[in-house]
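Hi everyone, thanks for coming. I'd like to walk you through one structure today, so please have a look at it with me.

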Amino acid sequence: MKDPILDVRNLKVQFQIDDRIIPAVDGISFQVQRGQTLGIVGESGSGKSVTSLAVMGLIPNPPGKIVDGEILFRDGTLQDGGRAADAVDLSRLSPGQMQAYRGGKVSMIFQEPMSSLNPVYTCGFQLTEAILQHQRVSKEEAQRLAIAGLQEVKLLPSDGDLQTLVLKSQPDLTDRQVQQEVDRRKQAILNRYPHELSGGQIQRVMIAMAICCNPSLLIADEPTTALDVTVQATILDLLRELRDRRGMSLIFITHDLGIIAEIADQVAVMYQGKIVEAGPVWEIFSNPQHPYTKGLLACRPKPDQRLRRLPTVADFMEVETTSSGQVQIREKAVDESKVVQFRSEISETEIRDRMARLEQNGPLLTVENLQVGYPIRGVFGNTQRYVMAVNDVSFQIHQGETFGLVGESGCGKTTLGRALLRLVPALGGRIWFDGKDVLGLDKRQLRVLRRDMQIIFQDPFSSLDPRMNVGDAIAEPLKIHRVIKSRRHQQERVSYLLERVGLPGNCMNRYPHEFSGGQRQRICIARALALNPKFIICDESVSALDVSVQAQVLNLLKELQSEFNLTYIFISHDLAVVKFMSDRIMVMNQGQIEEIGPAEQIYRQPQQPYTRQLINAIPVGSLDRIRELQATRSLAS
């Protein structure tokens, strides 16, 4: 086997927080071969992003520091006499020496594209700046390379396609005029600011910036986490294509093994700073050895199954910290009843019986011809027109039902959910909740109604006041609505709610920053339950969580629904998650309904091309899919 392009040996990275030393990466070793993709997978805090920052020389010092190990990089360049250049230990380079490698030979795509670009500069300026930093070219040549990069990532059509588009719209132009229009359209893309592009388009700009200097190794750190499944699929296709065409090596970091199956050749599974299992993607998926890997593979909803409960990582392993501070992991002995529970699917008869019972309950919520728009104002502040976010939408939800609402970003699903609670105004239509005309209520009546209608937002951290302890945050609705006036009874209610969502009741004096993301979302769920509501809108409430934590929260929501007879609207762009949770699903696109139907029917017999597109974009992570991708790559090579 040829020398690997990257050889990491016994890497250790520590952070000093106050008087504590935290081992973020604890003695890991791995290799990346030329032209191949290494997938690094693990939960938040596992050390995977710190590993990528160490390779790039971006560990903030202080408080972080590489305390041991080697990061050997071989870019394949030849020295005088045709001899291959020796490996360079990137961990030993000074910041000035690292400049020769970072960006030019080793490049990186970060997780959140919007925060990776400067909002006050155009995308073209930032792209050409990166080229000028690493290549000795003129500004005109840098701009040409920037345009070529945007064409390579398919944000801008090729010159030939642009000419075809121009002639199609303006067939009477001369050749010179056609070329002028082509140049104008190219420049228009370069002159756009980040806020004028969608999330997927911004990520393409970041990929173009990362590859503009022909790196030998590209590190992609969670590059699709914030994107819709359809946009995610196109970005994964693009990265595969760039890797194969350029012969580039790739490190792809994610918490989702389903995505790893789509792109990786080799897999390294990280847990608490260590690599607990590594190997070819086929072996990891077909025969996982470590209980943590088994748990990660099991906990993601599979759209072709209808499980009663999702397995979690905790079902497969036990973690124990010794007196010396060492973490020991043991595989949990799973009894046969647990195995049956993991594999237990809801039968078609049970689904039909449940749908019949829900219909007998009658509608709790009825929406008729709802319209919600955002005003476009003129120079003098007058409204010239409306951009319709929700356009003539009608549906009903029965008491005790979970109504899934799915679609890409910008389809109107979040606006619809907020309009139901009158958090945004409606331009037209009717909303009936439990026999009450929601849009016709005055402020006092609406305040009473809000006891029965609650919402769980996407980002739990921004949903909680960082200056308020979680006990006060959960008790706040009780105080506002004067449900429980006694301080002692409020604390008893808060303690009960915390314990019901799986947190200790005595943690109410702690603050949001002292909890993990999954724990903060449980706190938000407890707050939503404080007033015993009938109806809860879950607005992308698990999309920001690791798949293992996501499984815990989804199971919790189902348990709470059964216990309190709750009615949910479950909003997400992930059809696999929506199908696991929902009785019926409504698919939205550009503010309108594409189709509504039972969850099984929507998945197995979609009527609209848009729905089929959403389903096909789900990264299922099956062995059949891995075999298909490997066969395609073998044929291409």
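This is a predicted model: local features need pLDDT of at least 70, side-chain atom pairs count only at pLDDT 80 or more; totals for chains, interfaces and linings use all residues.

Six strands make it up, ordered β6-β7-β8-β3-β9-β10, and it is an open sheet with mixed pairing. At the edges you'll find β6, residues 106–109, and β10, residues 274–280, each of which pairs on one side only. From one strand to the next, the twist averages 15 degrees.

Now look at the β10 end. Strand β9, residues 266–271, runs antiparallel to β10, and six bridges join the two.

Helix α12, residues 291–299, lies across β9 and β10, running at about 105 degrees to β9.

Finally, the helix pair. How do α18 and α20 cross? Their axes come within 7 Å and cross at roughly 25 degrees. Angles under 35 degrees count as roughly parallel, so that is how α18 and α20 are described. The crossing of α18 and α20 is right-handed. On the α18 side, Val470, Ala473, Ile474 and Pro477 make the contact, and α20 brings Ile523, Ala526 and Arg527. By type, the residues of this contact of α18 with α20 are six nonpolar, no polar and one charged.

That's my tour, and I'm happy to take questions.

Methods:
Residues are numbered from 1 along each chain as its sequence is written. Side-chain values use heavy atoms; hydrogens and water are left out. Two strands pair if DSSP finds at least two bridges between them. Helices (H or I, at least four residues) and strands (E, at least two) are DSSP runs, numbered from the N terminus. Axes are lines fitted to C-alpha atoms, for helices over the stretch in contact, and angles run from 0 to 180 degrees between N-to-C directions. Contact means heavy atoms within 4.5 Å. Angles under 35 degrees count as roughly parallel, over 145 as roughly antiparallel, 65 to 115 as roughly perpendicular and the rest as oblique. A crossing is left-handed if the near helix is turned anticlockwise from the far one by less than a right angle, and right-handed if clockwise. Ala, Val, Leu, Ile, Met, Phe, Trp, Tyr, Cys and Pro count as nonpolar, Asp, Glu, Lys and Arg as charged, and the others, Gly among them, as polar.
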